[in-house]
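Hi everyone, thanks for coming. Let me walk you through a structure that may be new to you, and please keep it in view while I talk.

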Amino acid sequence: LSGSAFMTWCPIDKSCFRWVGSGSIQLVRTTDFGRRHICSKCRGVLTIVYDSQPGLIWPCAGSLDDDSLPATKEEMGKYLSRVCHICCRHSPTWLRLPDDGMERLEDAC
């Protein structure tokens, strides 16, 4: 949906997430396992909500607008509980993940 080979997602408890402006946001079923919040004006993908994880919302990191987030990657590292490659079984055949020691999950859940 993004046209990109990669996207960075942040799993967040729904109780800790709020929309600042939601007038043009639609929740649309885009797969058999989840729905995405999409901007009806620009068609940009903002989140994914997996059916198997009803308490979580996964915003696309590039869509976050929060000045309370840490400014440096070192500071951000204090807040991240898990970093991994997800949806590896859906990777394009040309993709070779780096040997970075990170956990690799076949799916997102």
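**Strands, core and cysteines**

Let's start with strand β2, residues 25-29, which pairs with β3 in the antiparallel sense over 5 bridges. Strands here are DSSP runs of E, at least two residues long, numbered from the N terminus, and two strands pair if DSSP finds at least two bridges between them.

Before going further, a word on where this comes from: the model is predicted, so local features need pLDDT of at least 70 and side-chain atom pairs count only at pLDDT 80 or more, while totals for chains, interfaces and linings use all residues. Residues are numbered from 1 along each chain as its sequence is written, and side-chain values use heavy atoms, with hydrogens and water left out.

Back to our strands. β2 and β3 form a hairpin, with 4 residues between them. R29 has R35 in β3 as its bridge partner. On to β4: β3 and β4 also pair in the antiparallel sense, over 2 bridges, and there G34 has Y50 in β4 as its bridge partner.

How many residues of β3 are buried? The count is 5 of its 6, so β3 is mostly covered. Buried means under 20% relative accessible area, exposed means over 50%, and partly exposed is in between, using a 1.4 Å probe and protein chains only.

Now look at the loop between β3 (34-39) and β4 (47-50), where you will find R43. R43 has a positive phi of about 70°, although it is not a glycine. Most residues other than glycine have a negative phi. R43 counts as partly exposed because its relative accessibility is 49%.

C87 has a positive phi too, about 60°, and is not a glycine either. C87 sits in the loop between β6 (84-85) and β7 (103-104). With 25% relative accessibility, C87 counts as partly exposed.

Which residues make up the largest nonpolar core? There are 7: W9, V45, I48, Y50, W58, C60 and A108. Such a core is a set of buried Ala, Val, Leu, Ile, Met, Phe, Trp, Tyr and Cys residues joined through side-chain atoms within 4.5 Å. Leaving out residues up to four places away in sequence, A108 touches Y50, Q53, W58, I86 and C87, where contact means heavy atoms within 4.5 Å.

Finally, disulfides: the structure holds 0 of them, a disulfide being a pair of cysteine sulfur atoms within 2.5 Å. For C84, the nearest cysteine sulfur is that of C88, 8.2 Å away. C84 counts as partly exposed, because its relative accessibility is 22%.
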